[in-house]
Amino acid sequence: MIPLSDHSMLAKRVHDEESRQSFVNDFRVHLASQVFPGNFPTYYNRVLPQFIKDKGREPETRHEVRRVMTHDPYYSFWSAMQRNSQEMIWDSVIDSVERQLPELIEKSRKPGNKGSLTLDPDLETPKYHVAADIHLQPGAYHSDQIDDDVAAGAMYDWGTYIYSMGGLGTGNNALGQITYGFFKNEFPDAKPKRILDMGCTIGGSITYWAQQMPDAECHGLDVGAPVLRYGHARAEALGAAVHFSQQNAEHTNFEDESFDIVMSHILLHETSRTAIQNVFNESYRLLKPGGVMMHMDLPQAHGQPPLEGFLFEWEIYNNNEHFFAQLRDMDMPELCRKAGFKDENILPKSAGSFWMEDQTPYADDGFEFPITMAIK
Amino acid sequence: MSDDIKITPVNRGKRPAFFDDPAIDQLMAIVMAMSAEMSVLYDRVDTIERLLDKKGTLSRDDIEAFRPDQGVEDERNDRRNDYISRLFRIIREERETLVAHDKMDEYNALMDELAKS
């Protein structure tokens, strides 16, 4: 495992913790490269012929595939291992964070003064966030167990890196690299003055943007206090000026028409049917005329064959990504129209790891993220 | 002090069941955890061997302070990959059996038959 680039907020690992994380990483690589692909012959050799025998036709939807594949022993075994690997990620990062928590909190209390941190203890954490711990991270991104807690952020930093098997880049900022490269390609001459990243967690993406555009005023918001405290201290440790605030992306306290860019990185699938429209409405309200909205998320179901569509949805049912089930079929341009964007300014796009500066071994598989882009 | 801080290691949300008997799901988690710990132990032995090779003696602090450089980590990666492959030999065999006994012909014949009817 290639370790994350060090910074002063990153939890240090003792010998066995480092070794344990390396195992989880290598185990996940093995699952992805050696075990997961077996689902295809399993389907075509065993599950599909049985389905045809029973029904006289092929499955028409991914839901039909799910009903039969989830009973197949090979799929079930892979699935059980995959779920365990996800829980083992958190188990492998918890000890080092727990041990260093007082020290990390102390550091986060005097982080530096390039950017800022504004918390709102009265902010209600939305139901879609508290119903289940997203990605199985114990306590999710919002739970404070002690004063000025940063544990959720510290766990998230290592945890997401292991989750992506290094695919997020050694700076843990691949998604920001992708949107930044994409934006520069779409608008080579643009000089955005004010940029907002919604649902920024520890600010991996917006901190990267701030490093690339030091003259722009960069903001990151999230509902979780511990990830924001950590994110602020992390950004300062990396020498980047980012203004973090604890807010819900559905309704923020920023002024109308005050941003040149409003964006998010895989936030939408962690919201709800009502919330997603609110996020688009809010994006429209916050953008200056001519400003750009970019919401990057995971691929939708349109055009995916039933088996691929089903396999792609594993995390919905096994990794607490519940709203993704609905997002898969939603009409993104319609959300933009309802928010106020004109038809001709709604531009669905996609962007992949080819925009990254530091390609990692697992980033070059051609994976592309759809970006719902619209210009006000 | 840090001794007082315990991060609750449990995640919230419904736990999916992959097998008919919940005990198999639990056993699976135990086997996976043991696999990880055995790998950790192997790395620790590797550290001890390397330190002994180099210095002929060692202390606990030497072990804790040891960090694999990229060369050592690459060797450990290879060893872990072999270890994981051995651990999951049975899964690989099933996968290979499925490919070897390709029922695609049977499936295609069935599709042809259905198309005709």
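In which sense do strands E2 and E3 of chain A pair, and over how many bridges? This is a predicted model, in which local features need pLDDT of at least 70 and side-chain atom pairs count only at pLDDT 80 or more, while totals for chains, interfaces and linings use all residues. Residues are numbered from 1 along each chain as its sequence is written, with chains lettered from A and ligands numbered from 1 in the order in which they are written.

Select residues 194-198 of chain A, strand E2, then E3(A): the two pair in the parallel sense over 5 bridges. Strands are DSSP runs (E, at least two residues; helices are H or I, at least four), numbered from the N terminus, and pairing takes at least two DSSP bridges. A:Asp197 stands opposite A:Gly220 in E3(A).

Stay on E3(A), residues 217-222. Here 5 of the 6 residues are buried, so the strand is largely enclosed by the rest of the structure (buried: 20 or more other C-beta atoms within 10 Å of the residue's own, placed from the backbone).

Show A:Ala80, A:Met81, A:Asn84 and A:Met88 on H4(A), which contact residues of H1(B) including B:Met28 and B:Met32 (contact: C-beta atoms, placed from the backbone, within 7 Å).

Conventions:
Two residues are in contact if their C-beta atoms, placed from the backbone, lie within 7 Å. A residue is buried if 20 or more other C-beta atoms lie within 10 Å of its own, exposed if 12 or fewer, and partly exposed in between; C-beta atoms are placed from the backbone.
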